[in-house]
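Trainee: I would like to learn how to read the features of a model such as this one. Please take me through them in order.

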Amino acid sequence: MLGSKTLALLLLVGLIGSALYLVNVSYEARRLFTLLDRAQVQARQLDAEARRLDAERQAQATLLRVQKVASERLRMRAPTPAVTQYVVEAAAQAPASGAEGVR
């Protein structure tokens, strides 16, 4: 059988190994918690940025804004009869040459 000193030494090694394992697990748990907290903070920041960008997109797409950009930057204007050009089909202007003489 094992002597009392050998048994005590074996228990001491087991106790030290268990303590080191506990320290390692605690350290890993704290490290993972810190990573989780950072990821949650980043997720909140990205969500706020997405809401801000969506609001900005909606503001840019309003009809009044589009009309303003069209008139100022693109120099577009509303159509009026004075600037409207009508395209007339050529066949509708001239009568068919052989259709009137035949009855």
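The dialogue below turns to confidence, helices, salt bridges and a surface patch.

Mentor: This is a predicted model, in which local features need pLDDT of at least 70, side-chain atom pairs count only at pLDDT 80 or more, and totals for chains, interfaces and linings use all residues. Residues are numbered from 1 along each chain as its sequence is written, and side-chain values use heavy atoms, with hydrogens and water left out.

Trainee: What is the mean pLDDT of the protein?

Mentor: pLDDT is the predictor's confidence in each residue, from 0 to 100. Its mean here is 87, and 86% of residues reach 70 or more.

Trainee: How many helices and strands does the protein have?

Mentor: Helices (H or I, at least four residues) and strands (E, at least two) are DSSP runs, numbered from the N terminus. The protein has 3 helices and 0 strands. Confidence is highest in α1, at a mean of 96, and lowest in α3 (residues 90–93), at 68.

Trainee: Which residue forms a salt bridge with Glu56?

Mentor: A salt bridge places a side-chain nitrogen of Lys or Arg within 4 Å of a carboxyl oxygen of Asp or Glu. Glu56 pairs with Arg52, their closest N and O atoms being 3.0 Å apart. Both lie in helix α1, 4 residues apart, about one turn of the helix. Glu49, Arg52 and Glu56 are linked in a network of such bridges.

Trainee: Where does Ile16 lie?

Mentor: Ile16 lies in helix α1 (residues 4–60).
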